[in-house]
Amino acid sequence: MDSTMTDFPNDLLINARDEVAIRKHLALVALGKKPANTAIRVGRLLDVYGRNWYEDQEIVISGRRIAWVGPAGAYPGEVGERIDRSHLSVVPGFGEVHKHIESSHLTPEWEAALVLPFGCTWTCEASHEFSNVDGPHNLDFWMTARAAGSPAKIFPLPGSAVPPTAYEHGGGHFGYGEQLKFMTTNLAVSGLDEVMDWPAVWNPENPSHERLWGMIEATFEARGVVEGHAAGMRAIDDINAFAGAGMASDHEAWTAEEVADKLRRGLFMELRPHSLTDMIKGLLERGQQDWSNFALCTDDRSCSDTMKLGATDHNVRLAIQAGLPMEVAVQMVTINPARHMRLTPWIGSISPGRYADLVFLDDEATLSISEVWADGMQVSKGREYIADVPTIDWPQWARQTVNIGRDLTAADFAIAAPEGATDSCKAALLRPFHWHDEFITTDLSIVDGLVQRDDSRNITKFAIVDRFWGTASVSKMFWLGTGPKTPNTALACSMGHDKHNIWAVGSSDEAMALAVNALQEQQGGWALVRDGKVLARVNYEIGGLMTCRPAPELDKEMLELYAQGETIEWMYEPTYSPRWWAGFPERLAFATLTCAPWRWVLVAPSPLAPEGFVNVQNGQIHPIVWCGKL
């Protein structure tokens with residue numbers, strides 16, 4: 001009896017020919033002309049197309065896919081195994097319309113083991129993190145875990161931000177040719193990752209203009225989706241231009257008013273947890289009735305936070321608590337994002353032809369998950385992942401990604417006084433999340449020809465180290481209100497959105513060098529240094545962004561890093577920084593962003609920004625230190 005679908009071992013959305021063969025087989029199974037693997041009887045089943053519940057239903061599965069759905073006992077064919085879940089309700093597997101798996105800091109097979117018990121069975125991977133580390137192997141990386149047996153579906157969207165701006169380089173470079181190849185190589189590739197460099201889209205003089213429009217053109221050619229990123233965009237003219245340029249969505253809104261303005265201009269709104277409750281409550285107060293152009297999305301969440309909060313299910317519960325009916329909230333992580341991403345033939349509903357991804361609930365009102373099925377098999381019981389995690393020997397191209405070229409020394413982080421200065425000079429200052437048109441300026445003292453920090457004013461030193469070209473290139477400048485005040489201390493990390501060069505912040509140049517050298521030795525992660533010793537390490541040995549280990553092991557390392565961080569006095573500038581900046585400055589990993597609404601930023605030295613200090617809105621560069629007026 002053909003009950004294992006062994007003719008289709010590569011049911012991985014690789015090409016249309018395999019997909020057609022699978023569909024032919026499913027049609028015969030649905031008619032009872034070929035036997036099915038499994039039939040699951042359920043108490044209640046949610047039809048997400050109409051938000052209707054159906055009582056006493058049966059789901060018939062062949063291989064990884066659903067072949068038939070209907071009243072229990074009505075299926076006309078043979079079934080290898082019958083399973084009774086008549087005491088449970090079932091909804092489709094939850095999906096992420098926009099998420100960076102890398103932000104879990106787990107490789108895809110281990111991230112799957114973490115999130116599947118929370119109901120997340122598929123993810124549209126916003127792939128500009130690993131792409132910026134190793135662009136040529138981007139698709140290989142995201143397909144590896146599934147090919148090895150992971151039941152989680154990953155739909156990669158190659159990164160538009162590769163590189164994030166024309167002032168950054170190394171690791172990956174995507175344009176028209178690369179995007180067209182991605183879109184035509186694998187059915188799982190559904191579009192273009194969030195277009196973040198809005199100045200490069202609208203301004204023909206921007207050096208990234210042609211590259212970005214080439215990627216957009218290739219996506220349109222393949223009928224894909226161009227995802228947007230409209231952070232800080234409030235003006236109606238800008239929103240109209242953004243939508244008119246072909247951007248299909250935004251996940252950066254903060255208020256109900258902003259959501260409404262973007263929604264009425266045709267943008268698919270992807271709501272993140274940070275202000276999800278306020279946005280939904282505000283929209284309900286405004287009379288919003290149709291939620292079909294909305295999805296819930298995680299974007300970035302560490303494994304430690306996922307272990308505490310949950311995954312996609314956490315987003316759904318927030319939406320319910322804000323006032324949405326449970327059925328509408330479920331639509332926002334199932335059929336709505338699947339439609340938006342043009343993936344409904346495979347995911348988003350409990351329907352024939354779709355993957356057999358099922359979330360069983362023992363309480364609908366609280367979204368209490370009893371078990372999860374993916375690819376037609378049970379993968380969790382309660383919060384326990386019970387399926388096998390494939391063993392993957394990640395290749396060298398994934399493991400050897402930190403290439404500084406040599407060990408760095410204190411001299412690499414020293415800032416020489418400008419010519420003609422003896423006692424003091426002018427210096428440019430940034431602070432975390434500095435979105436102003438102008439940078440800050442101050443006077444700093446000079447000792448032995450080097451410009452000095454000033455911890456009495458919370459002024460420290462921040463650096464970006466190129467980790468791709470092997471040239472030991474370092475850009476450095478002074479930052480306000482962040483970093484360690486404790487002497488001879490530094491923190492360094494190889495996760496620095498979105499280019500993911502190494503950043504380091506420290507109270508001495510020697511400590512900064514030691515922290516960065518530690519990261520080169522371990523091929524990525526975190527390193528905290530004090531008085532010539534490495535106090536704590538966290539290993540991200542895959543791409544310098546992830547680790548190939550279970551979530552609890554990584555969480556244990558992070559907790560040790562936090563514990564050691566509590567022994568350090570950290571700078572805090574209440575005039576400029578929100579209160580959550582006090583303490584261990586983990587969010588510096590996001591302070592290196594160069595997308596809108598950033599203006600002045602520090603990047604690794606590049607041809608268009610030799611010192612690394614550049615205004616990414618207009619390409620203006622400026623010295624770090626200088627004498628008098630410039």
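In which loop is the place of D448? Select D448 to begin: the residue is placed in the loop between β18 (440–447) and β19 (450–451). The model on display is a predicted one, and every value in this tour is computed from it.

With D448 still selected, inspect its backbone. Its phi is near 55°, which is a positive value in a residue other than glycine. D448 has 78% relative accessibility and therefore counts as exposed, the cut-off being over 50%.

Next, select L367, in the loop between β13 (358–363) and β14 (368–374). L367 also is not a glycine, and its phi is positive, at about 55°. Is L367 buried or exposed? The relative accessible area of L367 is 0%, so this residue is buried.

**Two cis peptide bonds**

Move to the loop between β22 (489–493) and β23 (502–506), where H497 lies. D498 is found in the loop between β22 and β23 as well. Display the bond that joins H497 and D498: it is a cis peptide bond, with omega of about -5°. H497 is counted as buried because its relative accessibility is 3%, and the cut-off for that class is under 20%.

Select residues 108–115, which form helix α2. How many of the eight residues of α2 are buried? Seven are, so the rest of the structure largely encloses this helix. The buried residues are P108, E109, E111, A112, A113, L114 and V115.

Then select helix α12, residues 312–321. Eight of its ten residues are buried, so α12 too is largely enclosed by the rest of the structure. Colour the buried ones to follow them along the helix: T312, D313, H314, N315, V316, R317, L318 and A319. Just after α12 comes G323, which takes a positive phi of about 125°.

**Two helix pairs**

Select helix α5 (residues 176–185) together with helix α7 (residues 209–221). Their axes are 7 Å apart, and the helices pack at an angle of about 25°. The crossing of α5 past α7 is right-handed.

Continue with helix α9 (residues 256–263) and helix α10 (residues 276–285). At what angle do α9 and α10 pack? The angle is about 65°, and the axes lie 8 Å apart. α9 and α10 are therefore roughly perpendicular to each other.

**The largest pocket**

Select R272, H274, D300, R587 and F590, the lining residues that lie nearest the centre of the largest pocket. The lining has 49 residues in total, and the pocket holds about 1,400 Å³ of space. Which elements give two or more residues to this lining? They are α11 (303–309) and α17 (551–565). The largest share, four residues, comes from α11. Colouring the lining by residue class gives 21 nonpolar, 13 polar and 15 charged residues.

**The largest cavity**

The model has nine cavities of 30 Å³ or more, and the largest cavity has a volume of about 120 Å³. Select E168, I464, K499, N501 and V603, which are the closest to the centre of the largest cavity among the 17 residues that line it. By class, this lining comprises six nonpolar, eight polar and three charged residues.

Terms used:
Residues numbered from 1 in each chain as written. Predicted model: local features only at pLDDT ≥ 70, side-chain atom pairs only at ≥ 80, totals over all residues. Heavy atoms only, no water. 1 Å grid on protein atoms, 1.4 Å probe; cavity = no way out; pocket = protein on both sides within 12 Å on 5 of 7 lines; lining within 4 Å. Points joined across faces, edges and corners; volume = space filled by probe spheres on them. Nonpolar A, V, L, I, M, F, W, Y, C, P; charged D, E, K, R; others polar. Buried < 20%, exposed > 50% of the residue type's maximum accessible area, 1.4 Å probe, protein only. Axes fitted to C-alpha atoms, helices over the stretch in contact; angles between N-to-C directions. Parallel < 35°, antiparallel > 145°, perpendicular 65-115°, else oblique. Left-handed = near helix turned anticlockwise from the far one by under 90°.
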